[in-house]
Amino acid sequence: MSRNADDHTVWQELLAGHALNALDPAEEAEMLAHLAGCADCRAELDEHALTAAHLAALADDESDTAPGWSDIRGGLFGEDAPVISIDRGRHRVSQRLLAAAAGVVVIAGAALATSQLLVSSGGDSHRVAVASCGTARPCSVIPLRSKDGVHRATVVVTDGVARVQPVAMSRAPRGRTYVLWQLPRGRAPVPLTEFVSASATSGSSPLSVPLSQTTAFAVSSERADIHPTSPTHVVAIGSV
Amino acid sequence: MLTLHNGDGRHVRAEAQEDAVLLREVARGSEPALEAIYNRYGPACYRLARRILADAHLAEDVTQQVFLALWKGSGYDPRRGALSTWLLGITHHKAVDMVRHEERRRAERLGPAQAEIAAAIPGPDDVAWESLRAMQARAALRELSGDHREVLLLAYYGGFTQTEIAEMTGLPLGTVKSRTLHAMRRLRETLAPSLGAEGDETR
Ligand SMILES: [Zn+2]
């Protein structure tokens with residue numbers, strides 16, 4: 001081991017190379033030996049791993065078709081492995097497991113709801129939004145959902161104007177505000193309007209580009225004193 | 001769809017909980033659970049491998065190796081991060097290992113600049129979240145200076161070692177190393193608001 005233990009920067013540099021799998025074999029071995037005894041480097045490695053995963057996501061071209069499970073499983077279990085049990089099992093077993101996991105989430109959510117005053121409740125607000133659409137003019141309703149699939153807000157677009165109706169969102173904490181974003185196809189997100197609760201102040205704004213050139217709308221939570229150039233804490237998103 | 005978040009337990013979300021359930025079943029030998037995990041994360045792993053290897057067949061081999069590792073009792077530790085992060089990490093590792101044995105394919109691989117540009121705008125529907133995160137990563141990458149971006153992308157997408165990068169760019173090896181560290185840290189800082197924080201306010 002030739003590294004000077006007093007200068008940890010050397011290890012941090014090696015660690016970044018290690019996280020990218022870019023070290024030469026000798027350095028890699030040195031790094032692995034150091035990692036075994038250095039909690040700081042292990043913690044930073046976890047951070048690097050997450051950052052690297054974002055680079056992976058950046059390269060992820062969804063239009064590039066990936067092999068299905070049936071293509072992959074042959075290499076794992078042998079081409080002759082009977083498939084019949086999977087197909088039969090999948091819906092029963094996996095769905096039941098996932099439902100069980102989802103149940104845990106619902107319970108956790110219910111506990112939170114009692115301490116968080118929801119400014120409006122699900123279906124009603126959405127129906128109001130839909131009703132406000134009217135029938136005379138062209139009108140689009142886009143539900144925005146959080147990552148766990150909960151319907152948080154509804155965006156209504158009429159005559160090129162977007163209006164956001166919170167459905168299940170707590171009031172923005174002090175010093176923060178919600179921002180409605182339009183995500184134009186192939187271009188940077190555009191902030192449309194800000195709002196803090198489901199009150200009459202729920203914002204509306206003309207679209208930055210026509211709906212037909214829009215990928216999605218999103219609501220993010222932002223610091224009230226800063227005008228961000230892209231969404232930071234995304235609360236909900238819905239594709240057009 | 002892909003979820004990336006810190007595994008610190010404060011923002012345990014539905015997907016992480018489902019992953020935990022599925023992993024437990026995989027450990028018990030449930031192939032349907034492995035299939036469910038594959039359906040979630042396998043395509044992203046495959047596409048990362050394919051980006052690095054520029055070869056569909058090799059990318060499929062790598063993807064098989066990754067899920068075989070998971071099947072055989074992987075060493076994944078949920079305290080250290082999300083399953084998606086771990087899977088992409090070993091995918092990258094295996095793909096880079098393979099590309100170094102496939103030197104002749106290097107010329108066919110995408111250059112780093114193309115790799116950055118080629119991050120396509122995803123389609124509609126449930127890829128909307130994904131597209132948003134990709135936008136954030138892309139914006140964060142743009143925040144880096146060209147010098148920093150270059151060493152990062154050559155290493156990550158190119159699969160080149162730092163020694164090779166030094167030779168290619170004519171930079172001293174020490175400069176490549178320090179730039180890589182700075183690039184990773186800067187990228188993390190720029191991404192920080194979105195890492196593990198999505199949807200905080202809804203909980
Ligand atoms: Zn260390």
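A salt bridge here is a side-chain nitrogen of Lys or Arg within 4 Å of a carboxyl oxygen of Asp or Glu. The model is predicted, and a search of the whole structure finds 12 such salt bridges over all chains. This tour visits some of them.

Start in chain B. Select B:R79 and B:D77: they form a salt bridge, with the closest N and O atoms 3.1 Å apart. Now colour by accessibility. B:R79 is exposed, at 69% relative accessible area, while B:D77 counts as partly exposed at 22%.

Next, select A:D46 and B:R80. Their closest N and O atoms are 2.8 Å apart, and the two residues form a salt bridge. This pair crosses between chains: A:D46 sits in helix α3 of chain A, and B:R80 in the loop between α3 (56-71) and α4 (83-100) of chain B. A:D46 is partly exposed, with a relative accessibility of 23%. B:R80 is also partly exposed, with a relative accessible area of 35%.

Then move to B:R188 and A:E44. This salt bridge has its closest N and O atoms 3.1 Å apart. B:R188 belongs to helix α9 (residues 173-191) of chain B and A:E44 to helix α3 (residues 39-58) of chain A, so the pair joins two chains. Are the two partners buried or exposed? B:R188 has a relative accessible area of 18% and is therefore buried, the cut-off being under 20%. A:E44 is buried too, at 10%.

Methods:
Residues numbered from 1 in each chain as written. Chains lettered and ligands numbered in written order. Predicted model: local features only at pLDDT ≥ 70, side-chain atom pairs only at ≥ 80, totals over all residues. Heavy atoms only, no water. Helix = DSSP H or I, 4+ residues; strand = E, 2+ residues; numbered from the N terminus. Buried < 20%, exposed > 50% of the residue type's maximum accessible area, 1.4 Å probe, protein only.
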